[in-house]
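Subject: Structure handover

Hello,

Here is the structure for you to look over. Please open it alongside this email.

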Amino acid sequence: MKRISDIEAEKGGVVLYVDDDWLEVCVDFKPGATREAVEKILEMRGITQGIDQNAINVGLSRCANSSVEGLCIAQGKAPKNGSDGKIEFEIDMNPKKVEVKDASGRVDYRDTNLIRLVKQGQRLLHIVPPGPGEEGFSVRGHKLRTTPGKKARIYPGKNITEQGEYLYAAIDGHVEVLDEYVSVSDTFSIKGDVDFKVGDISFIGAIIVEGSVREGFTLQSQKDIQIGGQAYGCTLVAEGNIEVIQGIHGGGKGHIKCKGTLTTRFINEANVEADKGIKVYKEIVRSNLRTMGRLDIESGDIRGGDIKAYEGVVA
């Protein structure tokens, strides 16, 4: 703190100090200090706000025989900056693996709980606005400005409705946040393979897998399933179409079933049901196929297995 009293005030037994922001005034009361000396130096320095008369009385009463040093007699109010806006999600944006046990009591490590599933009209988040802050004042009565908080950076993306400070899902789907935009997608995309890192997937929309689906895993979609790689002894169930671009290796395991059309490069030792038809670009080997539509084989042949196509086979 800096000393601001003059010689006359100090002769009157008062030494005045103030901090750099003029928010606090302290006094050294010397023996013989008077109220008049205190009031005069306060007036001379323009100190009019936050004066504590009780503190002055204490200082004057205690300095009769000995000095009282550093007693605060006036105090301003520091400005309070506004709080930054924030985002309060009302859904779990970091779902953790849920330990699911099968009928025998064994833990199913294929259930990884990755999808942030929401329903149409569900409230997703609250955008809490920034606080305005509170102005302060100095002991001289000057207003001390506050700094408002910063606005939270989040924006409505695809399939989102905004109502005041809240964002809602416009469709059923999976919540995604990318580059400060929150969206709801009716497609769940997997960049690589479906394996233990991804786990089983059950989704109300379409499922797109850029890699392959490994043995023992299950994909269930209320729309379509598209797999960029191969399907190995897995279970695929879709209300719409299924496309496995690189082919199906069943290995006598798993099951593939859709209410639409199945399209793939080849089928090897697999069990397949497709209500509206099956299209295979290469061969079919030792597989069981059922369709109420037509089986189309663009090139290659059928070797073994059991085929039932109610609208016929076109090879």
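Below are notes on what was found in it.

This is a predicted model: local features need pLDDT of at least 70, side-chain atom pairs count only at pLDDT 80 or more, and totals for chains, interfaces and linings use all residues. Residues are numbered from 1 along each chain as its sequence is written, and side-chain values use heavy atoms, with hydrogens and water left out.

**Confidence**

pLDDT is the predictor's confidence in each residue, from 0 to 100. The protein has a mean pLDDT of 90, and 93% of its residues reach 70 or more. Please treat one stretch separately. Over residues 97-110, pLDDT stays under 50. The model has 22 contacts beyond four places in sequence for that stretch. A contact means heavy atoms within 4.5 Å.

**Overall shape**

The protein has a radius of gyration of 38 Å, whereas a compact globule of 315 residues would have one near 20 Å. That radius is taken over C-alpha atoms, and the globule rule is 2.2 Å times the number of residues to the power 0.38. Along its principal axes, the C-alpha trace spans about 115 × 40 × 30 Å.

Arg-62 and Cys-234 are 172 residues apart along the chain, and their C-alpha atoms are separated by 89 Å. Arg-62 lies in helix 3 (residues 53-62). Arg-62 counts as exposed, at 56% relative accessibility. Buried means under 20% relative accessible area, exposed means over 50%, and partly exposed is in between (1.4 Å probe, protein chains only).

By that rule, 39% of the 315 residues count as buried. The accessible surface comes to about 17300 Å², and 46% of it belongs to carbon and sulfur atoms. Those areas come from the Shrake-Rupley method with a 1.4 Å probe; for residues, only the protein chains shown count as cover. Among contacts between residues at least 6 apart in sequence, 35% join residues at least 24 apart.

**Strands and the open sheet**

The secondary structure comes to 3 helices and 34 strands. Helices (H or I, at least four residues) and strands (E, at least two) are DSSP runs, numbered from the N terminus.

8 strands form an open sheet with parallel pairing, in the order 17-19-21-24-27-30-32-34. Strand 17 (187-190) and strand 34 (313-314) are the edge strands, and each pairs on one side only. Two strands pair if DSSP finds at least two bridges between them.

Strand 17 runs parallel to strand 19 (residues 206-209), joined by 4 bridges. Ser-189 stands opposite Ile-208 there. Strand 19 is then joined to strand 21 (residues 225-227) by 3 bridges, again parallel. In that pairing, Val-209 stands opposite Ile-227.

Strand 32 (residues 294-297) pairs with strand 34 in the parallel sense over 2 bridges. Asp-296 sits in strand 32, and its bridge partner in strand 34 is Val-314. Asp-296 counts as buried because its relative accessibility is 19%. Beyond four places in sequence, Asp-296 touches Ile-278, Lys-279, Val-280 and Val-314.

**Cores**

In soluble globular proteins, nonpolar side chains tend to be buried together. A nonpolar core here is a set of buried Ala, Val, Leu, Ile, Met, Phe, Trp, Tyr and Cys residues joined through side-chain atoms within 4.5 Å.

The largest nonpolar core has 36 residues. Ile-201, Leu-219, Leu-236, Ile-242, Leu-262, Ile-267 and Ile-278 touch the most other members. Another core, of 22 residues, lies apart from it and includes Val-18, Val-38, Leu-42 and Ile-56.

Leu-236 has contacts that include Leu-219, Ile-225, Ile-242 and His-255, leaving aside neighbours within four places in sequence. Thr-218, in strand 20 (residues 218-221), counts as buried at 18% relative accessibility. Thr-218 touches Asp-200, Ile-201 and Thr-235, not counting residues up to four places away.

Most residues other than glycine have a negative phi. Which way do Glu-180 and Arg-286 go? Glu-180 has a positive phi of about 70°, and Arg-286 has a positive phi of about 45°. Glu-180 lies in the loop between strand 15 (173-178) and strand 16 (181-185). Glu-180 is partly exposed, at 31% relative accessibility. Arg-286 is in strand 31 (residues 284-291) and counts as exposed, at 51%.

Best wishes
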